[in-house]
Each structure stands twice: as C-alpha cells, then as structure tokens.
Amino acid sequence: MIDDPYRVLGIPSGASPEEIKKAYRKKAKEYHPDLHPNDPNAAQKMNEINEAYDMLQHPEKYKARREQDATRREAGGGPYKNTQNSGNQNYGGWTSDFGGFDFEDIFGFGSARFDTMPYPQAGDPPALAQAIRAVQERRFTDAVNILSAMTSSYRNDRWYYVSAAAYKGSGELSRAQDMIERAIQMNTGNQMYKQFRQEILQQARSETGAYNSGGSVSPYGFFWKLMAGMMIFRLAMGFLQLLLFGHPYGF
C-alpha cells in the first residue's frame, strides 16, 4: 500500500474531487500500459496511480485494510489484500474499485485491452507470488502445484485468476475456463478477467478447429467416396475371378 496518494497523483493534500479526477486522468494518459506498450515500467506506475486514486475515492476501505493488516501482523502473518470486490479494473495484477469510472472518458475509446499476464503485487502471500513467477517463467506445472497447496482462506478471485493462467499455459483449457469463471463470479466487474476468459475460449476454438466451430461438410464428399469404394471392390473381384477361373469377373 502506498504511503501518500496525493504525492503519487502530483496534487496537494486536501485537493477537491474534481482536482483528484483531473490529476488521475493526466497520469493515466502518461502511464497507461496500452498507450505505452514499450515501457516496462508503465504497468507498475499505473498500479500506483490506480491505488492512489482508489485510496482517495474510498478512504474507508483502506482504513479497514490497515486495521486488518495490523491484526494479521500481530498474529504473525504478513499483510494480504483481499480483492473480492465489484466494479474493478486490473492493471498488471493490481485491482481497484473505481465505482463505474469511465475509461472511455479518459482515453477516448471504450474497449481497452488489458495485459492478462499476472504480475506480483504488494500484499500477495509468498506462495501466490511464487506461483505468479512460475507462470511468467512458463513453469506452469510448478505454478499449479504451488496454487493447489494454498489453503482455502487464500482462494479469492485473484487466486482463481492466477490458477486460470497456470492451467491455460499448461494446455488444460477446460480447467482454465472453470477457474476464470470462478474469478468472475467473485469479482463480476473485473473487465480484465472477462477479457482473459475470451482469450481462453478463443484458444480452445483455435485448437479444436472446424469440428467445434461448426464447419460444414459437403454432402457430395460421401457420395464420391462410396462410388470409389465400389469401383475398387469390383476391380478386386474381377482380378480374383481371373486368377481362379481364367476369365474376368463380368461387369
């Protein structure tokens, strides 16, 4: 969790809601990964901008989170960010509840594409971060094993999303689809999850080819195959008749 959201957005403390929104729009245009695909730091910077905006829009949520983190630390565990909320946008693995924030208004287009590769984020349990690194390194079986060993208390929408990425990479598209469906059920507003589901479905259709895509078969194909088979059979019978009886099989 960042310390000073005003500093990240470049505005003075106590700025008005309009000033916050204007600053967010400016920063988002500067660092959005879709607009800067060749900048390796864009996703991380966008994560910080998203979190800063979210902290100023929903201070009560972050107050509760700080209290939960403090309680977890007192119990001997690390902070863990629960992302089971609705109306979320995700950049590089960081999830933020924008409450219907209009990205078309910011960028001038309504169907932004997301980078669906999972990335570690602050607050991830060590096992989840380890699984994400395994996915990024294409060690998909290792990622599945790590995720499977995590207890149910960690299995929020983000766990299912990373699991979907691991299964997709290993070629188990049916399991990947099941996992991303669970993630969407738990976080219905996350557009990145929905895009990832479409990518899984598209890969499945591509691999199954015309059989599952409803490809048509010409009715004349079977007829010509039948005719060819009958002619081969009669030729074979004629040859056999010639060998056995000294005269060809009559046509």
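Which residue forms a salt bridge with K45, and how far apart are the closest N and O atoms? The partner is E48, and the closest N and O atoms are 3.9 Å apart. Let's take a friendly tour of the model around this pair. This is a predicted model, where local features need pLDDT of at least 70 and side-chain atom pairs count only at pLDDT 80 or more, while totals for chains, interfaces and linings use all residues. Residues are numbered from 1 along each chain as its sequence is written, and side-chain values use heavy atoms, with hydrogens and water left out.

**The overall layout**

- The chain has 11 helices and two strands; here helices (H or I, at least four residues) and strands (E, at least two) are DSSP runs, numbered from the N terminus.
- Of the chain's 251 residues, 37% count as buried, where buried means under 20% relative accessible area, exposed means over 50%, and partly exposed lies in between (1.4 Å probe, protein chains only).
- Take the contacts between residues at least 6 apart in sequence: 55% of them join residues at least 24 apart. Contact means heavy atoms within 4.5 Å.

**Salt bridges**

- Side chains of opposite charge can pair when their charged atoms come close.
- The structure holds five salt bridges, each being a side-chain nitrogen of Lys or Arg within 4 Å of a carboxyl oxygen of Asp or Glu.
- E48 and K45 both lie in helix α3 (residues 42–57), three residues apart, which is about one turn of the helix.
- E48 counts as partly exposed because its relative accessibility is 27%, and K45 is partly exposed at 27% too.
- D124 pairs with R158, with the closest N and O atoms 2.8 Å apart. D124 lies in the loop between α5 (103–107) and α6, and R158 in helix α8, so this pair ties together parts that are 34 residues apart in sequence.
- D124 is buried, with a relative accessible area of 13%, and R158 is buried at 1%.
- D142 forms a salt bridge with R139, the closest N and O atoms being 3.0 Å apart. Shared partners link E137, R139 and D142 into one network of salt bridges.
- D142 is partly exposed at 35% relative accessibility, and R139 is partly exposed at 33%.

**Helices α6 and α8**

- The axes of α6 (residues 126–136) and α8 (residues 157–170) come within 10 Å and cross at roughly 25°. Axes are lines fitted to C-alpha atoms, for helices over the stretch in contact, and angles run from 0 to 180 degrees between N-to-C directions.
- That angle makes α6 roughly parallel to α8 (under 35 degrees is roughly parallel, over 145 roughly antiparallel, 65 to 115 roughly perpendicular, and the rest oblique).
- The contact is made by L128, I132 and V135 of α6 and R158, W159, V162, A165 and A166 of α8.
- By class, this contact has seven nonpolar, no polar and one charged residues. Ala, Val, Leu, Ile, Met, Phe, Trp, Tyr, Cys and Pro count as nonpolar, Asp, Glu, Lys and Arg as charged, and the others, Gly among them, as polar.

**Helices α9 and α10**

- The axes of α9 (residues 173–186) and α10 (residues 191–208) come within 10 Å and cross at roughly 160°, which makes α9 roughly antiparallel to α10.
- Among the contact residues are L173 and I180 of α9, and F196 and L201 of α10.
- By class, the contact of α9 with α10 has 10 nonpolar, two polar and four charged residues.
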